[in-house]
Amino acid sequence: MKIHEYQARELLAGAGIPVPAGAMVETVELAVAEAKRILDSGTPEVVIKGQVHAGGRGKAGFVKLVKSVDDARAAASFMLSNRMISVQTGPEGLDVRKLLVAAATDIAKEFYIAITVDRMRKCNVLIASAEGGVEIEAVAERNPDAILKLPIHPILGLQSYEARDMAFRLGFKGKQVGQAADLMMRLFALFCAKDASMAEINPLVVTPPTAAHPDGRVIALDAKFQFDDNALFRHKELQLLADPAEENAAELRAQEFGLSYIALDGTIGCLVNGAGLAMSTMDIVKLHGGEPANFLDVGGSASEEAVTEAFRIILSDKRVEGILVNIFGGIMQCDRIARAIVTSAKNVGFSVPLVVRLEGTNVVEARRILHDARADIPTMQVATDLTDAAQKICAAVQSRAAVSTAR
Ligand code: GDP
Ligand code: MN
């Protein structure tokens, strides 16, 4: 599960990490009012930031520094009426419904700090760089030495001497060292307490020296979190932060029916039972020149209703040009799938080619049901095995594509 930046800042503040004050608003008018309030209080600059579950906002025009109410209005209207498209979103981008409005922070230097899980080392790892700001991915490619990694001992945790050492290696000076090390310790504690799989601050900034803070202050400007879904049951406070508007609607609906569904961008909808079989079905579709439109594991004990819902989800994806059903009935009974196909044909209709491969428990009954329903499902073909099924659906989708380009 992911959360918004404004929520991440609240979590950080609660853990004693310095963040700038800010307000979340959902309309242009409220954004303008908040910007006016900040400017009137004597702060010369306001930052307006689109709140979406993806980064790369800066480059996409969804982080704007403004000095007047008019510019605040222009920035807020732009963000609330355009989709945010960045390297992290894919070409379709994301709808922006919320904005963070805050007094702009003066920046002397930007750093990067994150804690995540290192699966190869089987431990958490602190990742840091003195080249923070936008596009840490580019730094990793161009200058991998600029990214420092510190594996964290699974039992001892992050030690304060390690955090101080990291602060020195990043080039923090004077009083900044203690602030940065303290911040790393707090971030690690928060990461553990919330069962996070990723906690990232980018940029972590040092502010220019002032009379009160001659060495500047170390402040977290932008933060992203990812929490382990399997641990969410013990974090009611995190569950409250979920924003359904940011989730894929079809994936949410699938979840309600106990289906594991992940939307992809191909054209062949797959309905399979078992995660392993679903993966191999996707592989074999690709092998025969097709692209899967989704991963879908209906599981072993899905009801006829849940399977019917699965078809509804696949059929409501406009990119889907063909459907491949691949069931190996162990616990799942093939006749249940066959009945769901017949019900879906009645309720929704298979306007696209459908290839069905069934094997296992109650397969004879299932074949009889499908045979009897042939007239109602003219786009259906029955396959004998997985290769035959993949070849049939790929051929059917390709010939459809050929027909539509010929038109
Ligand atoms: P991201 O692009 O989605 O990661 O959004 P960020 O919040 O990290 O903002 C991108 C960049 O905008 C930062 O690296 C900063 O350079 C700049 N920025 C963001 N907030 C402020 C601010 O309060 N003051 C100043 N001067 N720059 C900011
Ligand atoms: Mn950032």
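Reader: How many salt bridges come out by the rule, and what makes a pair count as one?
Author: The count comes to 27 salt bridges. A pair counts when a side-chain nitrogen of Lys or Arg lies within 4 Å of a carboxyl oxygen of Asp or Glu. The model is predicted: local features need pLDDT of at least 70, side-chain atom pairs count only at pLDDT 80 or more, and totals for chains, interfaces and linings use all residues. Residues are numbered from 1 along each chain as its sequence is written, chains are lettered from A and ligands numbered from 1 in the order in which they are written, and side-chain values use heavy atoms, leaving out hydrogens and water.

Reader: What makes Arg319 and Glu92 a salt bridge?
Author: Their side chains meet at 3.3 Å, N to O. That is inside the limit, so the pair qualifies.

Reader: Why is this pair said to tie together parts of the chain?
Author: Arg319 sits in the loop between helix 11 (304-315) and strand 14 (322-329), and Glu92 in the loop between helix 4 (69-81) and strand 4 (98-103), so the pair ties together parts 227 residues apart in sequence. Helices (H or I, at least four residues) and strands (E, at least two) are DSSP runs, numbered from the N terminus.

Reader: What are the domains, and where do their bounds come from?
Author: Domain 1 is 1-20 + 106-247, domain 2 is 21-104 and domain 3 is 248-406. The bounds come from an automatic or database domain assignment. The C-alpha centres of domain 1 and domain 2 lie 23 Å apart.

Reader: What area is buried between domain 1 and domain 2?
Author: About 1600 Å², with 46% given by carbon and sulfur atoms. This is accessible area (1.4 Å probe) that the two parts lose on being put together, summed over both. On the domain 1 side, Glu5, Tyr6 and Glu246 supply 33% of the area buried against domain 2, more than any other three residues.

Reader: How many salt bridges join domain 1 and domain 2?
Author: Five.

Reader: Why do Arg57 and Asp222 count as a salt bridge?
Author: Their side chains meet at 3.1 Å, N to O.

Reader: What makes Arg57 a polar contact of ligand 1?
Author: A polar side-chain atom of Arg57 lies 2.7 Å from an oxygen atom of the ligand. A polar contact is a pair of N or O atoms within 3.5 Å; within protein, one must be able to donate a hydrogen and the other to accept it, and residues adjacent in sequence count only if both atoms are side-chain atoms. Arg57 therefore passes. Asp222 also has a polar side-chain atom 3.1 Å from a ligand 1 oxygen. For Asn202, a backbone N or O atom lies 3.1 Å from an oxygen of ligand 1.

Reader: What is the peptide bond from Asn202 to Pro203?
Author: It is cis, with omega near 10°. Pro203 lies in strand 8 (residues 196-206).
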